[in-house]
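Subject: Structure handover

Hello,

Below is the structure I said I would pass on.

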Amino acid sequence: MSIDLKTIKHISKLSRISVDEKKAEKLASDLNSIFDFIEKLNELKTENVEPLTSVAETTLKLRPDEVKSKNLREQIIKNSPKDNEDYFVVPKVIE
Amino acid sequence: MSDITKQTLSELVNNIKEKKLSSLEVTKAFIDRSEKSKELNTYITEDFSNALDKAKKFDDNPNLDLKLPGIPMAVKDLFCTANLRTTAGSKILNNFIPTYESTVTQNIWNEGAILIGKLNCDEFAMGSSNETSFFGNVQNPIDKNLVPGGSSGGSSSALAAQLTPITIGTDTGGSIRQPASFTGTVGLKPTYGSCSRYGIVAFASSLDQAGPMAQNVEDCALLQEVISSYDQKDSTSIDFKRNQYSKELTKDIKGKTIGIPKEYRVDGMPKEIDDLWQKGIEYAKDCGAEIIDISLPHTNYALPTYYIVAPAEASSNLARYDGVKYGFRADGENLIDMYEKTRSEGFGAEVQRRIMIGTYVLSSGYYDAYYLKAQKVRKLIKNDFDEAYKKVDAILTPSTPSSAFKIGEKTNDPVSMYLNDIFTVPVNLAGLPGISIPAGHDVKGYPLGLQIIGKAFDEQNILNIAYAMEEKINFKNKITDWWIK
C-alpha cells in the first residue's frame, strides 16, 4: 500500500492541520513506513472475532441526573486565547 | 541529616513521623538538589516557593496519621494541577492553567504530600525517549546524552536523580515501565480502571493509566495504595475492592506459578537481555515460584494493533485543541485557517504524525480495514492472556528489548522508536497490571529491567513477586552526580 501526496492533503484537511509540500513529503514517507509495519495484521483471519471495544468489562453506571458543578462560567472562559464578556471570540464566520 | 535525598520514601515518612525531620527540611533538601540539577531538564514548571510555604504550614500543624505526611513530590506534567500550569509537554498548552485538580493528584495531596513541580514528558505522552517534548530533551542521570525513556522521562530522570522521593507517570503503551527500566527505578502500570483518568490530559482513552514510580517496590506499593480509587468522574473507573498494597506486601511467593512466554524471545534481541531474563527466572525459582513455559501467540501483532488503536483515539481526543477554548492560537484569515494554523504550529511533528495516522484509519472507507481489524486483533491478544492465566499467576518478561539509547539515535526512524515498546504494549491492550523492576546492568553499566505482568486487579500479587525478587536481585543504581558542578 502506498499513501500519496493527494491522500496526505486529504488527511491534513480532515485533521485541520495545514501542511506545506515539504512537510507533506516527509509525512508520506513516514506514514508509508508505519503502514507497511501495520499491514502485518492482514496475516490474521478475524472474520469470526468479536472486536474488543473496552477492556473494562463493566456496564456503565447510572447516576441521578443532578447538576453538581455550578457557576463555572468564569473558570471556563479563563483559559481562552480571546474572549469578550461571556463569549469565546473566533474569526468572523458569517458575512 | 545531610543525605535526605538519598532516603527512601518509607524512611522519610518514618523520620517525619518520629519528628527526626521536618517537612520543611525534607522539602528544602529536594528543592536544593533540583536547583543544582537544571542540566537534566526534568522540570517544565517549578513550584518551589509555594512548596516551602506548604511545608511550613504542615510543620505548624502536622497530621502524622497521613500516608505521605509533608512529603515533597514532583509529578508528570500530564496531570492537571489547579492553578499551576499544565502543558502535557506541548506548545499548544504552553499557557494552560487548569482550574481543577486531577483525581490522582488530589488523592496524593489528601494524604499530606506537597507538590514541588511539574515534570517533563513527551508531547501528549507520545514518545519513548522524551525527545518529542516542546520543552526539550531530558538527560538520564545514568549517563550524559542518554535518554531517560518516555513518555514519563522527566519523572524517571527526577526520581533516579533523587530530585523527588517518588513520582507518578502515565502509561499508554509502556510510558511508566520503559523509563523506569532505563533509569534503574521501579514503575507500575495498574489495571485499566484502577486509577482515575479524570484530569489527566487524554492520549488514548482505552489504554491510558496513571501509575506510581519509586526507588523500590515498597514505596511503589504505598503510592499505588494512595492513588488508586473508584471515581465517578471517570466513566471507566472500576469499583473493586482495593488492597492496602503496602501493608499486605509479602515476600512469601512460594508456590506461585510464573509463566515465561516464548514469543517474547524476539529476533535480534541482545544476548544480555536474554541473559537477564534467564537470571530473573532463577531468582523467581529461588523465591519459591514455579516456572511454567507459556505461549502468547499473537504477541507479534500487538505493536501494529497499538499503532492503529492509539493514534485513532488520539486523533479524536486531540480534536479539542482548536485555539478557541484554551491553549495556543495562531491567527488566520478565517475560522478554518485559524484552526489549521493553530494545530500546525501548536503540535510537534510526532503528534501531527499520530493525528494523521488516526484520522486516516478512522476515515470513510478505511475504518473496517484498519480500526475494526485492530479491535479484533486486540481481542485475540487479550484472549492469549486469558488463556495463559488459566495456568499461571503471573508472567515474567524483560521490560525493554535494549537498555537506554543515546539522544538523537532513533529520532529519524519512527518504527525503530516504536519497537521499544514491544514488551509493554500488549499489557495495555489487554488492560492488565505490569511492573518493571531494575534487575541488572548491561556491558555499558546501564540499567535493565524485568517486567512482571499480572491478572486484572491482581496488583498485590505482582507487587509481592517484585518485592521477593528485588531482595534476591539486590540492584544498586550507579549514579555519579555528573551533572552537578
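Between the two chains, 52 residues of chain B are in contact with 39 residues of chain A; two residues are in contact if their C-beta atoms, placed from the backbone, lie within 7 Å. On chain B, the elements that give two or more residues to the side touching chain A are helix 9 (302–317), helix 10 (335–346), helix 11 (349–362), helix 12 (368–388) and helix 13 (414–418). Helices (H or I, at least four residues) and strands (E, at least two) are DSSP runs, numbered from the N terminus. Helix 12 of chain B supplies the largest share of that side, 10 residues. By type, the residues on the side of chain B that touches chain A are 24 nonpolar, 17 polar and 11 charged. Here Ala, Val, Leu, Ile, Met, Phe, Trp, Tyr, Cys and Pro count as nonpolar, Asp, Glu, Lys and Arg as charged, and the others, Gly among them, as polar.

Before going further, please note that this is a predicted model: local features need pLDDT of at least 70, side-chain atom pairs count only at pLDDT 80 or more, and totals for chains, interfaces and linings use all residues. Residues are numbered from 1 along each chain as its sequence is written, while chains are lettered from A and ligands numbered from 1 in the order in which they are written.

Chain B as a whole

Chain B has 15 helices and 11 strands. Its radius of gyration is 21 Å, close to the 23 Å that the globule rule gives for 485 residues, so chain B is as compact as a globular protein of that length. The radius is taken over C-alpha atoms, and the rule is 2.2 Å times the number of residues to the power 0.38. Along the principal axes, the C-alpha atoms of chain B fill a box of roughly 65 × 55 × 45 Å. Of the 485 residues, 61% count as buried; a residue is buried if 20 or more other C-beta atoms lie within 10 Å of its own, exposed if 12 or fewer, and partly exposed in between, with C-beta atoms placed from the backbone. Among the contacts in chain B with a separation of 6 or more, 76% are between residues 24 or more positions apart.

The sheets of chain B

Strands of a sheet pair through backbone hydrogen bonds, either parallel or antiparallel. Two strands are taken to pair if DSSP finds at least two bridges between them.

One open sheet has 3 strands in the order 1-3-2, with mixed pairing. Strand 1 and strand 2 of chain B are at the edges with a single partner strand each, so one side of each is left without a neighbour in the sheet. Strand 3 (residues 114–119) of chain B is mostly covered, with 6 of its 6 residues buried. Strand 1 (residues 43–46) of chain B pairs with strand 3 in the antiparallel sense over 3 bridges, and B:Tyr43 stands opposite B:Leu119. Strand 2 (residues 72–76) of chain B pairs with strand 3 in the parallel sense over 5 bridges, and B:Ala74 stands opposite B:Gly117.

The other open sheet to note has 8 strands in the order 4-6-5-10-11-9-7-8, again with mixed pairing. Strand 4 (166–171) and strand 8 (290–294) of chain B are its edge strands, each pairing on one side only. Strand 7 (residues 257–261) of chain B and strand 8 pair in the parallel sense over 5 bridges, with B:Thr257 opposite B:Glu290.

Helix pairs

In chain B, the axes of helix 8 (residues 271–286) and helix 15 (residues 459–473) come within 9 Å and cross at roughly 110°. Axes are lines fitted to C-alpha atoms, for helices over the stretch in contact, and angles run from 0 to 180 degrees between N-to-C directions. Helix 8 and helix 15 of chain B are therefore roughly perpendicular to each other. Angles of 65 to 115 degrees count as roughly perpendicular, under 35 as roughly parallel, over 145 as roughly antiparallel and the rest as oblique. B:Tyr283, B:Ala284 and B:Asp286 of helix 8 meet B:Met469, B:Lys472 and B:Ile473 of helix 15. The residues of this contact are 4 nonpolar, no polar and 2 charged.

Regards
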